[in-house]
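Subject: Structure handover

Hello,

Here is the structure I promised to pass on. Please open it and keep it beside this email while you read.

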Amino acid sequence: MFAQNSSGNKKDNQIVKLYDALEESGFSVAITGAGISIAAGGVSYAGMGARGGIGMMGRNPENMYNGLYRVFLSAAFEHGPTEAHKALARLEEMGKLQGIITTNEDCIHTMAGSKNVAEIQGSFQINTCNDCGHRVYDYEIWNHGEMPRCPECGGVLLPYNVYSHVGLWEEDVKKAQEWMSQADLILIIGTSGYFGSVYWDYRKRNARIIQINQKRTHFDSIAELNIHRDADPVFEELMKLEESEEK
């Protein structure tokens, strides 16, 4: 267990508690939402009213591409992963984080290097041809300055959220359910919802819960620790502790 900061600083002590919880955990899962990606300069679908816009994209894809890239995808490709995204990838590499469950569709966790990511609402790395149904698993096709086309028939490739009308990606929902059934530590980062029974009801009843969220949410009442700060500085401080322990 890491020694408490002698300064008694509340923020420092919260980071120490987070560090200790990760050290003590045998299986940790992070649940992330729009809050972690907004720090990269992006906006949530709700913030840009994009559910309607993305729906329009299916009907008029060529006209929608530039607008979609400008208001949503450019944040991921131009600004890249945040410090929090990078830290989660590093924690996975260190064996301290076993999975990430996210409603984000921007693929930034994958860009940061995380391998075990359950994108329960799909993402821009799950793409289906609007004409022949051929599927392409690659988010980079959205970073070439034009609407991606099917390598089989030349038809328009649509991301999962458009093709499914913002449905659930069942393959990753099953991953999320399995991880939650094993997790003894759950990190809530930049999200405010349980998402009903999709995966939350599969959690171990004695799992510890730590929330990292600038805003107060209904997780406040069930988390053993609420760190009401932006995720980036929290994870920057956490990784400094990790580095000091490795020396």
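A residue counts as buried when its relative accessible area is under 20%. Keep that in mind, and note that this is a predicted model.

Start with helix 9, residues 170–182. Which of its residues are buried? They are Asp172, Val173, Ala176, Gln177, Trp179 and Met180. Looking down the axis of helix 9, you will find these buried residues within an arc of 165°, so they line one face of the helix. What covers them? Strand 1 (28–32), strand 2 (99–102), strand 3 (117–119) and strand 7 (185–189) are among the elements that cover the buried residues of helix 9.

The length of helix 9 is worth a check too. Its 13 residues reach 19 Å from first C-alpha to last. That is close to the 18 Å expected at 1.5 Å a residue.

Strand 3 and helix 9 each supply at least two lining residues.

Now the aromatic rings. A pair of aromatic rings is described by the distance of the centres and the angle of the planes. The search of the whole structure found 7 aromatic pairs. In one of them, the ring centres of tyrosine 65 and tryptophan 142 are 6.1 Å apart and the planes are at 20°, so this pair is stacked. The two partners come from distant parts of the chain, 77 residues apart. Tyrosine 65 sits in helix 5 (residues 61–79). Tryptophan 142 sits in the loop between strand 5 (135–136) and strand 6 (157–159). Both tyrosine 65 and tryptophan 142 are buried.

Another pair joins tyrosine 160 and tryptophan 169. Is it stacked or edge-to-face? It is edge-to-face, with 5.1 Å between the centres and 70° between the planes. Tyrosine 160 counts as buried because its relative accessibility is 10%. Tryptophan 169 is buried as well, with a relative accessible area of 10%.

Finally, look for a cluster. Ring pairs link Tyr65, Tyr69, Phe77, Phe124, Tyr139 and Trp142.

Best wishes

Technical notes
Residues are numbered from 1 along each chain as its sequence is written. This is a predicted model: local features need pLDDT of at least 70, side-chain atom pairs count only at pLDDT 80 or more; totals for chains, interfaces and linings use all residues. Side-chain values use heavy atoms; hydrogens and water are left out. Rings of Phe, Tyr and Trp (its six-membered ring) pair if their centres lie within 6.5 Å; planes under 30 degrees apart count as stacked, over 60 as edge-to-face and the rest as tilted. Helices (H or I, at least four residues) and strands (E, at least two) are DSSP runs, numbered from the N terminus. Buried means under 20% relative accessible area, exposed over 50%, partly exposed in between (1.4 Å probe, protein chains only). The expected span of a helix is 1.5 Å times one less than its number of residues. The arc is that of the directions from the helix axis to the C-beta atoms. Contact means heavy atoms within 4.5 Å.
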